[in-house]
Amino acid sequence: MPWFQKLCRQAGLAVHKATTPASERETPATTTQVRRSVEESSPEPGVTLRRTTIEEIELRPPRDGAPPPGD
């Protein structure tokens, strides 16, 4: 039934494009991953606790008429 999944995806994309403002679609942000750390601990046998921390920087292009950052 791959045709049905493809149909659902296309319908979802159509709804997304209709409900998302054009300004958000035209100016994608650039995201850079700075640091990623994973902490694991095993408090008892058979149980693993894992914490993943991801630090990112997101750069968005300035909107029309807005001064660039730092000015």
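This report covers a strand hairpin, its salt bridges and a nonpolar surface patch in a predicted model.

## Basis

The model is predicted: local features need pLDDT of at least 70, side-chain atom pairs count only at pLDDT 80 or more, and totals for chains, interfaces and linings use all residues. Residues are numbered from 1 along each chain as its sequence is written, and side-chain values use heavy atoms, with hydrogens and water left out.

## The hairpin

Strand β1 covers residues 30-44 and strand β2 covers residues 47-59. Helices (H or I, at least four residues) and strands (E, at least two) are DSSP runs, numbered from the N terminus. The two strands pair in the antiparallel sense, over 12 bridges. Pairing here requires that DSSP finds at least two bridges between two strands.

β1 and β2 form a hairpin, with two residues between them. G46 sits in the turn and has a positive phi of about 85°. T30 stands opposite L59 in β2.

## Salt bridges

A salt bridge is a side-chain nitrogen of Lys or Arg within 4 Å of a carboxyl oxygen of Asp or Glu. By this rule there are three salt bridges. Side chains of opposite charge can pair when their charged atoms come close.

E55 and R35 meet through their side chains at 3.8 Å, N to O. E55 lies in strand β2 and R35 in strand β1, so this pair ties together parts that are 20 residues apart in sequence. The side chains of R50 and E40 form another salt bridge, at 3.0 Å, N to O. This pair links distant parts of the chain: R50 is in strand β2 and E40 in strand β1, 10 residues apart. The side chains of E58 and R60 also meet in a salt bridge, at 2.7 Å, N to O.

## Exposure of the charged residues

R50 is exposed at 55%. R60 counts as exposed at 64%, while E58 is partly exposed at 44%. E55 is partly exposed at 34%.

## The nonpolar patch

M1, W3, F4 and L7 form a nonpolar patch on the surface. Together they have about 510 Å² of accessible area, by the Shrake-Rupley method with a 1.4 Å probe; for residues, only the protein chains shown count as cover. Patches are made of residues with over 30% relative accessible area and no salt bridge; like charges are joined within 9 Å, and nonpolar side chains (Val, Leu, Ile, Met, Phe, Trp, Tyr) within 5 Å.

W3 lies in helix α1, residues 2-19. W3 is exposed, with a relative accessible area of 59%.

How values were computed. Buried means under 20% relative accessible area, exposed over 50%, partly exposed in between (1.4 Å probe, protein chains only).
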